[in-house]
Amino acid sequence: NIITVINNAATALKLTLKDVKIDVSDTGTEDYFKAGKAALSVQGSGDVEIELDGKNELKSGFSKAGLEKTSAGTLTLKDDNQKAGSLTATGGNWAAGIGGGYLGNGKNITIKGGTVNAAGGDNGGAGIGGGDYGSGEDITITGGTVNAAGGLDGAGIGGGWKGSGKNITITGGTVNAAGGNGGSGIGGGDYGSGEDITITGG
């Protein structure tokens, strides 16, 4: 089973993940570049807010982000209920943990609370941000605990391989960000640039 969230409304769509475990990491294949499935995808033009309750795990297939965001609106992860909410999102090969799949950008992502562990797939995905060749932009962390690890050549938070990391702001919380080989902890992936990165708290 997978989850697809589509919001084209002017108001934010709010949902709760509670002890959800989805593993579709065996879908897709690098042979003939057949895309796998995204465990959870967020689509549409509107904002989406996800409350994290309990332990949640998302593992996606080849070329898909663990929590894949193709929407134009803002994706917000939070733990307002204070129920030790956590999310572990692992991208497939070439994809981000949270953000873009292969060739996809990861933009307009906000983390306000909870424990968020995001790992990019092999070969170029950021932990949080862009997939291979994708940028990570307008990423904001105001609280919670965030552990972000890029795949090979990807940033921890920011761009995938050859992708830029722009407008990344951290004002609170605890953030551990590690890039893959050649990738920044926070900023661009290997061969990518990092711009407008601001850390004022945490």
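A residue is called buried when its relative accessible area is under 20%, exposed when it is over 50%, and partly exposed in between, using a 1.4 Å probe and protein chains only. By this rule Lys78 is buried, with 13% relative accessibility. The model is predicted, so local features need pLDDT of at least 70 and side-chain atom pairs count only at pLDDT 80 or more, while totals for chains, interfaces and linings use all residues. Residues are numbered from 1 along each chain as its sequence is written, and side-chain values use heavy atoms, with hydrogens and water left out.

Seven strands form an open sheet with parallel pairing, in the order E2-E5-E8-E11-E14-E17-E20. Strands (E, at least two residues) and helices (H or I, at least four) are DSSP runs numbered from the N terminus, and two strands pair if DSSP finds at least two bridges between them. Strand E2 (13-18) and strand E20 (194-199) stand at the edges with a single partner strand each, so one side of each has no neighbour in the sheet.

Salt bridges come next. The term means a side-chain nitrogen of Lys or Arg within 4 Å of a carboxyl oxygen of Asp or Glu, and the structure holds five of them. One joins the side chains of Lys78 and Glu49, at 2.9 Å from N to O. Lys78 lies in strand E8 (residues 75-78) and Glu49 in strand E5 (residues 48-53), so this pair ties together parts that are 29 residues apart in sequence. Lys78 also forms a salt bridge with Asp80, where the closest N and O atoms are 3.4 Å apart. Asp80 is exposed, at 53% relative accessibility.

Another salt bridge is formed by Glu137 and Lys107, whose closest N and O atoms are 4.0 Å apart. Because Glu137 belongs to strand E14 (residues 136-141) and Lys107 to strand E11, the pair ties together parts 30 residues apart in sequence. Glu137 is buried, with a relative accessible area of 16%, whereas Lys107 is partly exposed at 33%. Strand E14 runs parallel to strand E17 (residues 165-170), and five bridges join the two. Within E17, Lys166 stands opposite Glu137.

Strand E11 (residues 106-111) also contains Thr110. Thr110 counts as buried at 14% relative accessibility. Leaving aside residues up to four places away in sequence, Thr110 is in contact (heavy atoms within 4.5 Å) with Thr74, Leu75, Thr76, Leu77 and Thr140.
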